[in-house]
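Here are some notes to go with the model you asked me to look over.

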Amino acid sequence: MIQLSEVGKHYGDTRALGPVSFEVPRGKAVGFLGLNGVGKTTLLRILACDLRPTQGVARVGGSDVLEDPHAVRRLVGYLPESPPLYRDMSVTGYLRFVGHIRGVDPASLTERVAEVEELTGLGERRSSIIGELSHGYRQRVGVAQAIVHDPEVLIMDEPTNGLDPVQISEMRELIRRLRGSRTILVSSHILTEISETCDEILVLHDGEVVASGTEDELSARVLGATAVTVSIRTTPASGVPVEPDEVARRLRSIEGVTDARPRQAGPATLTLEVDARGDVRPELCRALVEAGHDVERLDRAPRELERVFLELVGGGNA
Amino acid sequence: MRAVAYIFRRELGVYSRSPIGYFVAAIVLLLDGLLFYAQALGPLAGERLSGEVLAAFFYNASGLTSVAAVVLSVRLIAEERQTGTQVLLDTSPLHDWQIVGGKFLSAFAFLTGITLATIYMPLLIFVNGKVAVTQILVGYLGLLLLGASVLAIGMFATALSRHQLVAAATGALVTATLFLLWPLSRVVDPPISLVFAGLSIHGRHFTGFQAGVLHTRDVFYYLALTYFFLLAATKVMEAKRWE
(Lines give C-alpha, C1' and ligand atoms only; values in the text may rest on other atoms or scores of the structure.)
Protein backbone atom coordinates (compact mmCIF):
# COMPACT_ATOMS: atom_id res chain seq x y z
CA MET A 1 0.00 0.00 0.00
CA ILE A 2 2.85 2.38 0.87
CA GLN A 3 6.31 2.22 -0.63
CA LEU A 4 9.16 4.56 0.13
CA SER A 5 12.46 4.36 -1.65
CA GLU A 6 15.35 6.54 -0.53
CA VAL A 7 12.97 9.33 0.50
CA GLY A 8 14.59 12.31 2.11
CA LYS A 9 13.90 15.93 2.98
CA HIS A 10 16.48 18.68 3.24
CA TYR A 11 16.06 22.31 4.17
CA GLY A 12 19.11 23.81 2.52
CA ASP A 13 22.04 21.94 4.03
CA THR A 14 20.01 20.70 6.97
CA ARG A 15 18.76 17.15 6.71
CA ALA A 16 15.31 16.69 8.23
CA LEU A 17 14.72 13.16 7.06
CA GLY A 18 16.27 10.21 5.35
CA PRO A 19 17.01 8.72 3.11
CA VAL A 20 14.46 6.17 4.30
CA SER A 21 13.07 3.13 2.52
CA PHE A 22 10.31 0.80 3.67
CA GLU A 23 7.01 -0.74 2.63
CA VAL A 24 3.73 -1.04 4.47
CA PRO A 25 1.29 -3.70 3.23
CA ARG A 26 -2.44 -2.97 3.00
CA GLY A 27 -4.31 -3.31 6.29
CA LYS A 28 -1.28 -3.05 8.56
CA ALA A 29 -1.02 -0.66 11.48
CA VAL A 30 2.48 0.73 11.70
CA GLY A 31 3.83 2.89 14.46
CA PHE A 32 6.65 5.37 13.97
CA LEU A 33 8.59 5.60 17.16
CA GLY A 34 11.22 8.18 17.82
CA LEU A 35 12.29 11.03 19.99
CA ASN A 36 11.01 14.51 19.27
CA GLY A 37 12.62 16.04 16.20
CA VAL A 38 13.82 12.86 14.49
CA GLY A 39 11.68 13.30 11.39
CA LYS A 40 8.43 11.51 12.24
CA THR A 41 6.23 14.48 11.35
CA THR A 42 8.26 15.19 8.21
CA LEU A 43 7.76 11.62 7.05
CA LEU A 44 4.02 11.65 7.72
CA ARG A 45 3.60 15.04 6.03
CA ILE A 46 5.31 13.69 2.93
CA LEU A 47 2.92 10.73 2.83
CA ALA A 48 -0.06 13.06 3.35
CA CYS A 49 1.14 15.23 0.44
CA ASP A 50 1.66 18.21 2.69
CA LEU A 51 5.41 18.37 2.20
CA ARG A 52 7.50 17.77 -0.88
CA PRO A 53 10.36 15.31 -0.49
CA THR A 54 13.68 16.51 -1.86
CA GLN A 55 14.78 13.06 -2.90
CA GLY A 56 13.47 9.54 -3.47
CA VAL A 57 10.15 8.07 -4.48
CA ALA A 58 7.12 7.78 -2.21
CA ARG A 59 4.04 5.90 -3.39
CA VAL A 60 0.69 5.49 -1.72
CA GLY A 61 -1.77 3.06 -3.28
CA GLY A 62 0.42 2.94 -6.36
CA SER A 63 0.39 6.71 -6.92
CA ASP A 64 3.52 8.80 -6.63
CA VAL A 65 3.14 11.67 -4.17
CA LEU A 66 4.94 14.03 -6.53
CA GLU A 67 3.44 12.96 -9.84
CA ASP A 68 -0.16 12.51 -8.76
CA PRO A 69 -0.65 14.13 -5.35
CA HIS A 70 -4.43 14.43 -5.73
CA ALA A 71 -4.79 10.67 -6.21
CA VAL A 72 -2.82 10.19 -2.99
CA ARG A 73 -4.85 12.84 -1.17
CA ARG A 74 -8.05 11.00 -2.07
CA LEU A 75 -6.70 7.83 -0.44
CA VAL A 76 -5.34 9.41 2.71
CA GLY A 77 -6.93 10.74 5.87
CA TYR A 78 -4.54 12.90 7.86
CA LEU A 79 -4.60 14.01 11.46
CA PRO A 80 -1.72 16.42 12.08
CA GLU A 81 -0.29 17.01 15.53
CA SER A 82 -2.63 19.98 15.93
CA PRO A 83 -6.02 19.07 14.41
CA PRO A 84 -7.00 21.57 11.69
CA LEU A 85 -10.32 22.69 13.14
CA TYR A 86 -12.54 25.67 12.31
CA ARG A 87 -13.42 26.68 15.82
CA ASP A 88 -16.40 28.78 14.75
CA MET A 89 -18.24 25.83 13.19
CA SER A 90 -20.41 23.13 14.75
CA VAL A 91 -19.08 19.56 14.77
CA THR A 92 -21.56 18.40 12.14
CA GLY A 93 -21.13 21.53 10.01
CA TYR A 94 -17.38 21.07 10.05
CA LEU A 95 -17.51 17.37 9.20
CA ARG A 96 -19.93 18.06 6.36
CA PHE A 97 -17.56 20.69 4.99
CA VAL A 98 -14.60 18.30 5.19
CA GLY A 99 -16.68 15.56 3.55
CA HIS A 100 -17.58 17.92 0.72
CA ILE A 101 -14.02 19.01 -0.01
CA ARG A 102 -12.76 15.45 0.23
CA GLY A 103 -15.23 14.32 -2.38
CA VAL A 104 -17.80 12.36 -0.37
CA ASP A 105 -20.98 11.81 -2.40
CA PRO A 106 -23.41 14.55 -1.23
CA ALA A 107 -26.28 12.01 -1.27
CA SER A 108 -24.63 9.86 1.38
CA LEU A 109 -22.82 12.58 3.33
CA THR A 110 -25.44 13.06 6.05
CA GLU A 111 -25.42 9.36 6.80
CA ARG A 112 -21.63 9.15 6.71
CA VAL A 113 -21.16 12.12 9.03
CA ALA A 114 -23.61 10.61 11.56
CA GLU A 115 -21.76 7.29 11.33
CA VAL A 116 -18.39 8.93 11.96
CA GLU A 117 -19.80 10.96 14.85
CA GLU A 118 -21.02 7.78 16.50
CA LEU A 119 -17.74 5.97 15.86
CA THR A 120 -15.68 8.75 17.43
CA GLY A 121 -18.05 9.31 20.34
CA LEU A 122 -19.19 12.73 19.16
CA GLY A 123 -22.87 11.87 18.83
CA GLU A 124 -23.98 13.97 21.78
CA ARG A 125 -21.78 16.90 20.79
CA ARG A 126 -22.69 17.11 17.14
CA SER A 127 -24.34 20.51 17.53
CA SER A 128 -21.62 21.96 19.74
CA ILE A 129 -19.35 24.70 18.47
CA ILE A 130 -15.85 23.23 18.11
CA GLY A 131 -14.16 26.13 19.91
CA GLU A 132 -16.26 25.37 23.00
CA LEU A 133 -15.28 21.68 23.17
CA SER A 134 -12.68 20.24 25.56
CA HIS A 135 -9.28 19.28 24.22
CA GLY A 136 -10.22 15.60 24.20
CA TYR A 137 -13.34 16.19 22.14
CA ARG A 138 -11.47 18.45 19.75
CA GLN A 139 -8.98 15.65 19.21
CA ARG A 140 -11.89 13.33 18.41
CA VAL A 141 -13.18 15.83 15.87
CA GLY A 142 -9.67 15.76 14.41
CA VAL A 143 -9.89 11.98 14.03
CA ALA A 144 -13.42 12.27 12.63
CA GLN A 145 -12.29 14.69 9.91
CA ALA A 146 -9.52 12.29 8.95
CA ILE A 147 -11.91 9.38 8.41
CA VAL A 148 -15.05 11.10 7.13
CA HIS A 149 -14.22 10.14 3.54
CA ASP A 150 -13.46 6.54 4.58
CA PRO A 151 -9.81 6.67 3.48
CA GLU A 152 -7.77 3.57 2.75
CA VAL A 153 -4.81 5.04 4.59
CA LEU A 154 -5.10 6.84 7.90
CA ILE A 155 -2.13 8.91 9.07
CA MET A 156 -2.10 10.20 12.63
CA ASP A 157 0.68 12.32 14.06
CA GLU A 158 0.88 12.06 17.84
CA PRO A 159 -2.87 11.45 18.23
CA THR A 160 -2.76 11.39 22.04
CA ASN A 161 -0.77 14.59 22.35
CA GLY A 162 -1.99 16.66 25.29
CA LEU A 163 -4.69 14.21 26.37
CA ASP A 164 -5.22 13.10 29.96
CA PRO A 165 -4.86 9.39 30.88
CA VAL A 166 -8.56 8.63 30.43
CA GLN A 167 -8.65 10.38 27.07
CA ILE A 168 -5.46 8.56 26.01
CA SER A 169 -7.07 5.24 26.81
CA GLU A 170 -10.19 6.22 24.84
CA MET A 171 -8.10 7.38 21.90
CA ARG A 172 -6.19 4.08 21.80
CA GLU A 173 -9.46 2.19 21.84
CA LEU A 174 -10.70 4.40 19.01
CA ILE A 175 -7.58 3.71 16.95
CA ARG A 176 -8.06 -0.02 17.48
CA ARG A 177 -11.69 0.30 16.32
CA LEU A 178 -10.64 2.19 13.22
CA ARG A 179 -8.30 -0.49 12.00
CA GLY A 180 -10.46 -2.87 10.00
CA SER A 181 -9.02 -3.16 6.53
CA ARG A 182 -7.44 0.27 6.74
CA THR A 183 -3.70 0.91 6.64
CA ILE A 184 -2.81 3.03 9.65
CA LEU A 185 0.33 5.00 10.33
CA VAL A 186 0.74 6.44 13.80
CA SER A 187 3.65 8.41 15.13
CA SER A 188 4.46 8.78 18.76
CA HIS A 189 7.27 9.08 21.22
CA ILE A 190 5.17 7.17 23.74
CA LEU A 191 6.22 3.54 23.64
CA THR A 192 3.10 1.93 25.04
CA GLU A 193 0.93 3.82 22.59
CA ILE A 194 2.73 2.22 19.66
CA SER A 195 2.97 -1.24 21.18
CA GLU A 196 -0.72 -1.31 22.06
CA THR A 197 -2.13 -0.07 18.78
CA CYS A 198 0.23 -1.21 16.02
CA ASP A 199 1.26 -4.45 14.32
CA GLU A 200 4.66 -3.20 13.40
CA ILE A 201 7.07 -0.61 14.68
CA LEU A 202 9.50 1.56 12.76
CA VAL A 203 12.06 3.22 14.96
CA LEU A 204 13.34 6.53 13.65
CA HIS A 205 16.50 8.12 14.88
CA ASP A 206 18.36 11.07 13.46
CA GLY A 207 16.16 11.09 10.35
CA GLU A 208 16.65 7.40 9.54
CA VAL A 209 14.78 4.18 10.14
CA VAL A 210 17.12 2.34 12.49
CA ALA A 211 14.92 -0.72 13.04
CA SER A 212 11.59 -2.17 12.01
CA GLY A 213 9.50 -5.18 12.86
CA THR A 214 7.08 -6.43 15.45
CA GLU A 215 7.78 -5.86 19.11
CA ASP A 216 8.97 -9.48 19.40
CA GLU A 217 11.25 -9.17 16.42
CA LEU A 218 12.77 -5.95 17.69
CA SER A 219 13.31 -7.45 21.13
CA ALA A 220 14.95 -10.53 19.70
CA ARG A 221 17.10 -8.52 17.32
CA VAL A 222 18.18 -5.78 19.67
CA LEU A 223 18.24 -7.39 23.06
CA GLY A 224 19.05 -10.84 21.67
CA ALA A 225 16.15 -12.20 23.68
CA THR A 226 12.48 -11.84 24.45
CA ALA A 227 11.76 -11.15 28.08
CA VAL A 228 8.76 -12.76 29.78
CA THR A 229 7.50 -12.35 33.31
CA VAL A 230 5.93 -15.42 34.96
CA SER A 231 4.03 -15.44 38.23
CA ILE A 232 2.96 -18.65 39.95
CA ARG A 233 1.23 -19.30 43.26
CA THR A 234 3.45 -20.45 46.09
CA THR A 235 0.59 -22.51 47.53
CA PRO A 236 -0.74 -24.44 44.56
CA ALA A 237 -3.85 -26.61 44.76
CA SER A 238 -1.76 -29.64 43.78
CA GLY A 239 0.38 -29.25 46.88
CA VAL A 240 3.60 -29.36 44.87
CA PRO A 241 6.19 -27.37 46.82
CA VAL A 242 7.49 -24.26 45.07
CA GLU A 243 11.26 -23.90 45.17
CA PRO A 244 12.27 -20.76 43.28
CA ASP A 245 15.59 -22.16 42.06
CA GLU A 246 13.99 -25.44 41.04
CA VAL A 247 11.28 -23.64 39.05
CA ALA A 248 13.94 -21.49 37.35
CA ARG A 249 15.99 -24.57 36.48
CA ARG A 250 12.94 -26.26 34.98
CA LEU A 251 12.21 -23.20 32.84
CA ARG A 252 15.82 -22.98 31.65
CA SER A 253 15.50 -26.54 30.34
CA ILE A 254 12.82 -25.46 27.84
CA GLU A 255 14.10 -25.10 24.29
CA GLY A 256 14.58 -21.46 23.34
CA VAL A 257 14.89 -20.22 26.93
CA THR A 258 18.28 -18.63 27.52
CA ASP A 259 17.85 -17.63 31.12
CA ALA A 260 15.32 -17.77 33.95
CA ARG A 261 15.73 -16.20 37.35
CA PRO A 262 13.47 -15.65 40.35
CA ARG A 263 12.76 -11.96 40.77
CA GLN A 264 10.41 -11.67 43.64
CA ALA A 265 9.25 -14.31 46.11
CA GLY A 266 6.28 -13.13 48.10
CA PRO A 267 4.14 -15.00 50.62
CA ALA A 268 1.62 -15.99 47.97
CA THR A 269 3.31 -15.45 44.60
CA LEU A 270 6.65 -16.22 43.02
CA THR A 271 7.66 -14.06 40.08
CA LEU A 272 10.36 -15.08 37.61
CA GLU A 273 11.95 -13.34 34.67
CA VAL A 274 12.65 -15.45 31.62
CA ASP A 275 14.79 -14.53 28.60
CA ALA A 276 14.20 -16.48 25.43
CA ARG A 277 14.82 -16.53 21.71
CA GLY A 278 11.39 -15.80 20.26
CA ASP A 279 8.03 -16.07 21.94
CA VAL A 280 8.06 -19.12 24.24
CA ARG A 281 5.05 -18.22 26.35
CA PRO A 282 2.99 -21.29 25.33
CA GLU A 283 5.88 -23.62 26.16
CA LEU A 284 6.48 -21.94 29.52
CA CYS A 285 2.82 -22.22 30.44
CA ARG A 286 2.64 -25.87 29.42
CA ALA A 287 5.78 -26.80 31.40
CA LEU A 288 4.59 -25.06 34.55
CA VAL A 289 1.12 -26.59 34.44
CA GLU A 290 2.55 -30.05 33.77
CA ALA A 291 4.79 -29.60 36.82
CA GLY A 292 1.69 -28.92 38.93
CA HIS A 293 2.13 -25.17 39.38
CA ASP A 294 -0.73 -22.67 39.31
CA VAL A 295 0.13 -19.97 36.77
CA GLU A 296 -1.27 -16.59 37.77
CA ARG A 297 0.29 -14.41 35.15
CA LEU A 298 2.46 -14.82 32.09
CA ASP A 299 3.21 -11.90 29.84
CA ARG A 300 5.83 -9.87 28.08
CA ALA A 301 8.11 -8.12 30.50
CA PRO A 302 7.06 -4.56 31.18
CA ARG A 303 9.33 -1.83 29.84
CA GLU A 304 10.82 -4.26 27.32
CA LEU A 305 10.02 -1.97 24.38
CA GLU A 306 11.54 0.86 26.33
CA ARG A 307 14.81 -1.10 26.62
CA VAL A 308 14.71 -1.83 22.90
CA PHE A 309 14.06 1.80 22.12
CA LEU A 310 16.87 3.07 24.32
CA GLU A 311 19.27 0.59 22.76
CA LEU A 312 18.30 1.72 19.26
CA VAL A 313 18.54 5.44 19.84
CA GLY A 314 21.79 5.15 21.74
CA GLY A 315 20.36 5.96 25.14
CA GLY A 316 20.95 2.52 26.64
CA ASN A 317 23.25 3.84 29.30
CA ALA A 318 21.14 6.85 30.07
CA MET B 1 -17.22 24.10 -9.51
CA ARG B 2 -18.81 22.27 -6.58
CA ALA B 3 -15.63 22.62 -4.55
CA VAL B 4 -15.64 26.38 -5.20
CA ALA B 5 -19.22 26.50 -3.92
CA TYR B 6 -18.29 24.63 -0.71
CA ILE B 7 -15.40 26.99 0.02
CA PHE B 8 -17.60 29.97 -0.88
CA ARG B 9 -20.35 28.87 1.52
CA ARG B 10 -17.96 28.24 4.40
CA GLU B 11 -16.19 31.59 3.98
CA LEU B 12 -19.42 33.53 3.64
CA GLY B 13 -20.51 31.86 6.89
CA VAL B 14 -17.36 33.19 8.59
CA TYR B 15 -18.30 36.78 7.69
CA SER B 16 -21.74 36.30 9.15
CA ARG B 17 -20.44 34.57 12.32
CA SER B 18 -17.44 36.77 13.10
CA PRO B 19 -17.36 40.42 14.22
CA ILE B 20 -15.11 41.47 11.31
CA GLY B 21 -17.93 41.28 8.76
CA TYR B 22 -20.34 43.34 10.85
CA PHE B 23 -17.61 45.77 11.83
CA VAL B 24 -16.59 46.48 8.23
CA ALA B 25 -20.21 46.75 7.09
CA ALA B 26 -21.09 49.14 9.93
CA ILE B 27 -18.09 51.41 9.36
CA VAL B 28 -18.56 51.57 5.58
CA LEU B 29 -22.29 52.28 5.82
CA LEU B 30 -21.78 54.89 8.55
CA LEU B 31 -19.07 56.78 6.67
CA ASP B 32 -20.91 56.49 3.35
CA GLY B 33 -24.00 57.93 5.02
CA LEU B 34 -22.14 60.79 6.69
CA LEU B 35 -20.30 61.72 3.50
CA PHE B 36 -23.50 61.53 1.47
CA TYR B 37 -25.28 63.77 3.97
CA ALA B 38 -22.46 66.29 3.76
CA GLN B 39 -22.45 66.21 -0.05
CA ALA B 40 -26.21 66.24 -0.61
CA LEU B 41 -27.75 68.13 2.31
CA GLY B 42 -24.93 69.51 4.43
CA PRO B 43 -22.60 72.45 4.09
CA LEU B 44 -20.80 70.92 1.10
CA ALA B 45 -24.00 70.59 -0.91
CA GLY B 46 -24.18 74.22 -2.15
CA GLU B 47 -25.88 74.66 -5.48
CA ARG B 48 -24.80 71.34 -6.94
CA LEU B 49 -26.66 69.50 -9.65
CA SER B 50 -28.11 66.14 -8.73
CA GLY B 51 -25.72 64.39 -11.14
CA GLU B 52 -22.77 66.03 -9.40
CA VAL B 53 -24.02 64.89 -5.98
CA LEU B 54 -24.31 61.34 -7.30
CA ALA B 55 -20.82 61.48 -8.82
CA ALA B 56 -19.44 62.71 -5.49
CA PHE B 57 -21.23 59.86 -3.72
CA PHE B 58 -19.58 57.27 -6.00
CA TYR B 59 -16.23 59.00 -5.61
CA ASN B 60 -16.40 58.73 -1.82
CA ALA B 61 -17.84 55.23 -1.95
CA SER B 62 -14.99 54.07 -4.18
CA GLY B 63 -12.43 54.93 -1.49
CA LEU B 64 -14.43 53.25 1.26
CA THR B 65 -15.07 50.19 -0.92
CA SER B 66 -11.34 49.86 -1.57
CA VAL B 67 -10.47 50.04 2.13
CA ALA B 68 -13.24 47.54 2.95
CA ALA B 69 -11.98 45.18 0.24
CA VAL B 70 -8.46 45.17 1.71
CA VAL B 71 -9.79 44.53 5.23
CA LEU B 72 -12.14 41.75 4.11
CA SER B 73 -9.54 39.94 2.06
CA VAL B 74 -6.53 39.85 4.39
CA ARG B 75 -7.85 37.07 6.61
CA LEU B 76 -8.84 34.75 3.79
CA ILE B 77 -5.62 32.72 3.55
CA ALA B 78 -3.29 34.22 6.17
CA GLU B 79 -5.74 33.27 8.91
CA GLU B 80 -5.82 29.65 7.72
CA ARG B 81 -2.04 29.54 7.93
CA GLN B 82 -2.00 31.30 11.29
CA THR B 83 -4.51 28.91 12.88
CA GLY B 84 -3.14 25.77 11.23
CA THR B 85 -6.27 24.97 9.22
CA GLN B 86 -4.53 25.45 5.88
CA VAL B 87 -3.26 21.88 6.19
CA LEU B 88 -6.86 20.69 5.85
CA LEU B 89 -7.16 22.36 2.46
CA ASP B 90 -3.61 21.44 1.43
CA THR B 91 -4.11 17.73 2.10
CA SER B 92 -7.51 17.56 0.41
CA PRO B 93 -7.91 16.91 -3.32
CA LEU B 94 -8.74 20.55 -4.04
CA HIS B 95 -7.04 22.57 -6.74
CA ASP B 96 -5.53 25.86 -5.63
CA TRP B 97 -7.70 27.83 -8.05
CA GLN B 98 -10.76 26.33 -6.37
CA ILE B 99 -9.59 27.53 -2.96
CA VAL B 100 -8.70 31.00 -4.27
CA GLY B 101 -11.91 31.18 -6.33
CA GLY B 102 -14.21 30.16 -3.48
CA LYS B 103 -12.61 32.55 -1.03
CA PHE B 104 -12.56 35.45 -3.48
CA LEU B 105 -16.22 34.96 -4.41
CA SER B 106 -17.29 34.84 -0.77
CA ALA B 107 -15.52 38.13 -0.02
CA PHE B 108 -16.91 39.63 -3.21
CA ALA B 109 -20.45 38.54 -2.32
CA PHE B 110 -20.12 40.11 1.12
CA LEU B 111 -18.64 43.31 -0.31
CA THR B 112 -21.45 43.41 -2.88
CA GLY B 113 -23.96 43.15 -0.04
CA ILE B 114 -22.38 46.08 1.79
CA THR B 115 -22.14 48.14 -1.41
CA LEU B 116 -25.73 47.52 -2.44
CA ALA B 117 -26.91 48.38 1.07
CA THR B 118 -26.05 52.01 0.23
CA ILE B 119 -28.58 52.09 -2.62
CA TYR B 120 -31.03 54.15 -0.57
CA MET B 121 -28.65 57.10 -0.72
CA PRO B 122 -28.72 57.65 -4.49
CA LEU B 123 -32.45 56.99 -4.41
CA LEU B 124 -32.89 59.84 -1.90
CA ILE B 125 -31.72 62.22 -4.61
CA PHE B 126 -35.03 61.64 -6.37
CA VAL B 127 -36.80 63.41 -3.50
CA ASN B 128 -35.48 66.81 -4.51
CA GLY B 129 -33.72 66.18 -7.77
CA LYS B 130 -33.42 64.07 -10.86
CA VAL B 131 -30.68 61.70 -12.01
CA ALA B 132 -30.48 59.07 -14.71
CA VAL B 133 -31.02 55.52 -13.45
CA THR B 134 -28.20 54.45 -15.77
CA GLN B 135 -25.81 56.71 -13.88
CA ILE B 136 -26.73 54.84 -10.68
CA LEU B 137 -26.37 51.44 -12.34
CA VAL B 138 -23.07 52.29 -14.02
CA GLY B 139 -21.76 53.83 -10.80
CA TYR B 140 -22.52 50.68 -8.84
CA LEU B 141 -20.98 48.54 -11.59
CA GLY B 142 -17.82 50.64 -11.21
CA LEU B 143 -17.82 50.20 -7.44
CA LEU B 144 -18.17 46.43 -7.77
CA LEU B 145 -15.44 46.18 -10.41
CA LEU B 146 -13.11 48.33 -8.33
CA GLY B 147 -13.98 46.28 -5.24
CA ALA B 148 -13.28 43.03 -7.10
CA SER B 149 -9.88 44.33 -8.22
CA VAL B 150 -8.86 45.39 -4.72
CA LEU B 151 -10.14 42.10 -3.30
CA ALA B 152 -7.95 40.26 -5.82
CA ILE B 153 -4.97 42.34 -4.70
CA GLY B 154 -5.85 41.44 -1.13
CA MET B 155 -6.05 37.75 -2.08
CA PHE B 156 -2.57 37.97 -3.52
CA ALA B 157 -1.29 39.69 -0.36
CA THR B 158 -2.94 37.19 1.97
CA ALA B 159 -1.51 34.29 -0.03
CA LEU B 160 1.98 35.68 0.47
CA SER B 161 2.05 35.83 4.25
CA ARG B 162 0.89 33.87 7.28
CA HIS B 163 0.52 37.12 9.25
CA GLN B 164 -2.64 39.10 8.69
CA LEU B 165 -1.00 42.40 9.54
CA VAL B 166 1.73 41.82 6.96
CA ALA B 167 -0.93 40.78 4.44
CA ALA B 168 -2.94 43.92 5.20
CA ALA B 169 0.11 46.13 4.82
CA THR B 170 1.07 44.45 1.53
CA GLY B 171 -2.46 44.71 0.14
CA ALA B 172 -2.76 48.33 1.21
CA LEU B 173 0.64 49.19 -0.26
CA VAL B 174 -0.12 47.67 -3.68
CA THR B 175 -3.57 49.29 -3.76
CA ALA B 176 -2.24 52.68 -2.64
CA THR B 177 0.47 52.53 -5.29
CA LEU B 178 -2.11 51.85 -7.99
CA PHE B 179 -4.21 54.77 -6.65
CA LEU B 180 -1.22 57.12 -6.62
CA LEU B 181 -0.36 56.38 -10.23
CA TRP B 182 -3.15 58.74 -11.33
CA PRO B 183 -1.88 61.90 -9.58
CA LEU B 184 1.67 60.88 -10.51
CA SER B 185 0.70 60.61 -14.17
CA ARG B 186 -0.10 64.32 -14.10
CA VAL B 187 3.32 65.40 -12.92
CA VAL B 188 5.55 63.22 -15.12
CA ASP B 189 6.20 63.52 -18.82
CA PRO B 190 4.94 61.23 -21.59
CA PRO B 191 5.26 58.37 -22.27
CA ILE B 192 5.59 57.48 -18.57
CA SER B 193 2.53 59.58 -17.75
CA LEU B 194 0.50 57.49 -20.22
CA VAL B 195 1.69 54.26 -18.64
CA PHE B 196 0.90 55.53 -15.14
CA ALA B 197 -2.54 56.74 -16.18
CA GLY B 198 -3.27 53.47 -17.94
CA LEU B 199 -2.32 51.43 -14.90
CA SER B 200 -4.00 53.69 -12.33
CA ILE B 201 -6.78 51.86 -10.50
CA HIS B 202 -8.88 54.95 -9.85
CA GLY B 203 -8.64 58.28 -11.70
CA ARG B 204 -8.73 57.46 -15.37
CA HIS B 205 -10.65 54.22 -15.11
CA PHE B 206 -13.18 55.18 -12.44
CA THR B 207 -14.09 58.72 -13.55
CA GLY B 208 -16.35 57.39 -16.29
CA PHE B 209 -18.27 55.13 -13.92
CA GLN B 210 -18.98 57.88 -11.40
CA ALA B 211 -20.29 60.11 -14.18
CA GLY B 212 -22.47 57.31 -15.55
CA VAL B 213 -20.37 56.75 -18.67
CA LEU B 214 -19.53 53.15 -19.42
CA HIS B 215 -16.26 52.56 -21.29
CA THR B 216 -15.43 49.00 -22.35
CA ARG B 217 -11.75 49.74 -21.78
CA ASP B 218 -12.45 50.50 -18.07
CA VAL B 219 -14.45 47.31 -17.60
CA PHE B 220 -11.71 45.34 -19.32
CA TYR B 221 -9.05 47.01 -17.15
CA TYR B 222 -10.74 46.02 -13.87
CA LEU B 223 -11.46 42.50 -15.07
CA ALA B 224 -7.87 42.09 -16.25
CA LEU B 225 -6.51 43.44 -12.96
CA THR B 226 -8.74 41.06 -11.00
CA TYR B 227 -7.72 38.08 -13.12
CA PHE B 228 -4.03 38.96 -12.88
CA PHE B 229 -3.98 39.15 -9.09
CA LEU B 230 -6.15 36.06 -8.65
CA LEU B 231 -3.78 34.17 -10.93
CA ALA B 232 -0.83 35.48 -8.94
CA ALA B 233 -2.53 34.39 -5.70
CA THR B 234 -3.13 30.92 -7.15
CA LYS B 235 0.50 30.61 -8.20
CA VAL B 236 1.67 31.68 -4.74
CA MET B 237 -0.65 29.06 -3.21
CA GLU B 238 0.73 26.39 -5.52
CA ALA B 239 4.28 27.28 -4.59
CA LYS B 240 3.54 27.32 -0.88
CA ARG B 241 1.45 24.14 -0.87
CA TRP B 242 4.52 22.02 -1.52
CA GLU B 243 7.08 23.83 0.56
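**Notes on the predicted model**

1. Let me start with Ile153(B), which is buried because 30 other C-beta atoms lie within 10 Å; the rule is that a residue is buried with 20 or more other C-beta atoms within 10 Å of its own, exposed with 12 or fewer, and partly exposed in between, the C-beta atoms being placed from the backbone. Ile153(B) belongs to helix 7 (residues 133-160) of chain B. Outside the four places in sequence on either side, the contacts of Ile153(B) are Gly171(B), Val174(B), Thr175(B) and Phe229(B), a contact being two C-beta atoms, placed from the backbone, within 7 Å. Between the C-alpha atoms of Ile153(B) and Phe220(B), which are 67 residues apart along the chain, the separation is 16 Å.

2. A word on conventions. This is a predicted model, in which local features need pLDDT of at least 70 and side-chain atom pairs count only at pLDDT 80 or more, while totals for chains, interfaces and linings use all residues. Residues are numbered from 1 along each chain as its sequence is written, and chains are lettered from A and ligands numbered from 1 in the order in which they are written.

3. Now chain A as a whole: it has eleven helices and 14 strands, taken as DSSP runs (H or I, at least four residues, for helices; E, at least two, for strands) numbered from the N terminus. Its C-alpha atoms fill a box of roughly 70 × 50 × 30 Å along the principal axes. Of its 318 residues, 41% count as buried. Of the contacts in chain A between residues at least 6 apart in sequence, 65% link residues at least 24 apart.

4. Which strands make up the four-stranded sheet of chain A? The order is 2-1-4-5, in an open sheet with antiparallel pairing, where two strands pair if DSSP finds at least two bridges between them. Strand 2 (14-24) and strand 5 (63-64) of chain A are the edges; each has a single partner strand, so one side of each has no neighbour in the sheet.

5. Seven bridges tie it to strand 2 of chain A in the antiparallel sense, with Gln3(A) opposite Glu23(A) and His10(A) opposite Arg15(A). The hairpin of these two strands has two residues between them, and Gly12(A) takes a positive phi near 65 degrees there. Strand 1 of chain A also pairs antiparallel with strand 4 (residues 55-60) of chain A over five bridges, and Ile2(A) sits opposite Val60(A).

6. The other sheet to check is an open one of six strands in chain A, with the order 6-7-8-3-9-10 and mixed pairing. Strand 6 and strand 10 (208-213) of chain A are its edge strands, each pairing on one side only. The twist from one strand to the next averages 15 degrees, with axes fitted to C-alpha atoms (for helices over the stretch in contact) and angles running from 0 to 180 degrees between N-to-C directions. Strand 9 (residues 200-205) and strand 10 of chain A pair antiparallel over five bridges; Ile201(A) has Gly213(A) as its bridge partner.

7. Helix 5 (residues 135-147) of chain A lies across strand 6 and strand 7 of chain A, at about 165 degrees to strand 6. Its 13 residues should span 18 Å at 1.5 Å a residue, and the end C-alpha atoms are 19 Å apart, which agrees; the expected span is 1.5 Å times one less than the number of residues. Its buried residues include Val141(A), Val143(A) and Ile147(A). Among the elements that the buried residues pack against are helix 3 (91-101) and helix 6 (165-178) of chain A.

8. What does each chain bring to the contact between them? Chain A gives 21 residues and chain B gives 17 residues. On the side of chain A that touches chain B, helix 3 of chain A has the largest share, four residues.

9. Last, the largest nonpolar core has 137 residues, and Leu47(A), Tyr94(A), Ile155(A), Leu151(B), Ala152(B) and Met155(B) touch the most other members. Such a core is a set of buried Ala, Val, Leu, Ile, Met, Phe, Trp, Tyr and Cys residues joined through C-beta atoms within 7 Å. Helix 3 (residues 50-83) of chain B supplies its largest share, 16 residues.
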